[in-house]
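Please look at the sequence and the model shown here, and follow the chain from its overall make-up to a few selected side chains.

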Amino acid sequence: MTAHDREPVPAELRAAVRRDFAPVAPLSPPSRRALLLALPAFIVLTAAVLVLARSREPLGALSLVGGGVSLFEWLAGFGLLWLALREAVPGLGVGAGRALAALSGGVLLQLLLGILIWQRTGAGLTGSGALAVGSQCATIEGAIGLPHLAIATWLALRALPIRPRWSGALAGAAAGLLADSTWHLACARNDLEHLLVWHFGATVAMTVVGAVAGSFSLRRQRVGA
């Protein structure tokens, strides 16, 4: 068979090859991208603590008890976000076992800190309308956390993760912790039922959403392959 007898290379294939040869921008380190994403929540958290410190209202003084709790939650959220973006980079992932341990530790930390807030402040702000107040808290935490999850998922997919399900779950838990680190300072309910069902439940829900989003992206990768 001579060169003239060979079938010409399809134009689509030549275009795909040229696209693969195009230069790409290198990814920033996971720690830097995680810090940029978590920094707005830290700024809001710091501003809220400063405002509450100057408040003469009893609610402000009561909410200040959670200032240290907010810091711990933010640090845990930042750590999980860093792991989520690191897990997304082939060759830098921590593996399923360590990812599960970090995920469980972060979620457990919020649970323990919620119990600590309840013990320190008591159940004096239980009030009525638990369902209305609780759904409002969950909605606001979702509005704060879901943009973090969406951006983290987009950043993770750019790195072509091998285990996107774990990366998504870590990002979801991080989003929940970052959201709760700021909102619980403004929440007037400190009873254990409210904290566990609505605040902790919002983090668990975002973790599940992140894992499902990762599974969906993995399915799309397999279909595309």
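Which residues does H194 touch, not counting residues up to four places away in sequence? They are V133, G134, C137, C187, R189 and H199, where touching, or contact, means heavy atoms within 4.5 Å. H194 has its place in helix α8, and with a relative accessible area of 2% it is buried, a word used for residues under 20% relative accessible area, while over 50% is exposed and anything in between is partly exposed (1.4 Å probe, protein chains only). The side chain of H194 also makes a polar contact with the side chain of H199, at 3.1 Å; such a contact is a pair of N or O atoms within 3.5 Å, of which, within protein, one must be able to donate a hydrogen and the other to accept it, and residues adjacent in sequence count only if both atoms are side-chain atoms.

This is a predicted model, in which local features need pLDDT of at least 70 and side-chain atom pairs count only at pLDDT 80 or more, whereas totals for chains, interfaces and linings use all residues. Residues are numbered from 1 along each chain as its sequence is written, and side-chain values use heavy atoms, with hydrogens and water left out.

The chain has eight helices and zero strands, these elements being DSSP runs numbered from the N terminus (helices H or I, at least four residues; strands E, at least two). Of its 225 residues, 39% count as buried, and the accessible surface comes to about 12700 Å², with 68% of that belonging to carbon and sulfur atoms, as computed by the Shrake-Rupley method with a 1.4 Å probe, where for residues only the protein chains shown count as cover. Among contacts between residues at least 6 apart in sequence, 88% join residues at least 24 apart.

Helix α7 (residues 164-183) spans 28 Å from its first C-alpha to its last, close to the 28 Å expected for its 20 residues at 1.5 Å a residue, the expected span being 1.5 Å times one less than the number of residues. This helix is mostly covered, with 18 of its 20 residues buried.

The largest nonpolar core has 34 residues, among which W74, L80, L81, L170 and L178 touch the most other members; a core of this kind is a set of buried Ala, Val, Leu, Ile, Met, Phe, Trp, Tyr and Cys residues joined through side-chain atoms within 4.5 Å. Helices α2, α4, α5 (96-121), α6 (130-158), α7 and α8 (192-224) each supply at least two residues of this core, and α7 gives the most, with eight. Leaving out residues up to four places away in sequence, L178 touches A38, A41, W74, G77, F78, L81 and H148.

F42 is partly exposed at 30% relative accessible area, whereas W74 is buried at 7%. W74 and F78 form a stacked pair, 5.7 Å centre to centre with 5 degrees between the planes; they are separated by about one helical turn because they lie four residues apart in helix α4. F78 counts as partly exposed at 22% relative accessibility, and F42, W74 and F78 form one aromatic cluster.

Conventions: Rings of Phe, Tyr and Trp (its six-membered ring) pair if their centres lie within 6.5 Å; planes under 30 degrees apart count as stacked, over 60 as edge-to-face and the rest as tilted.
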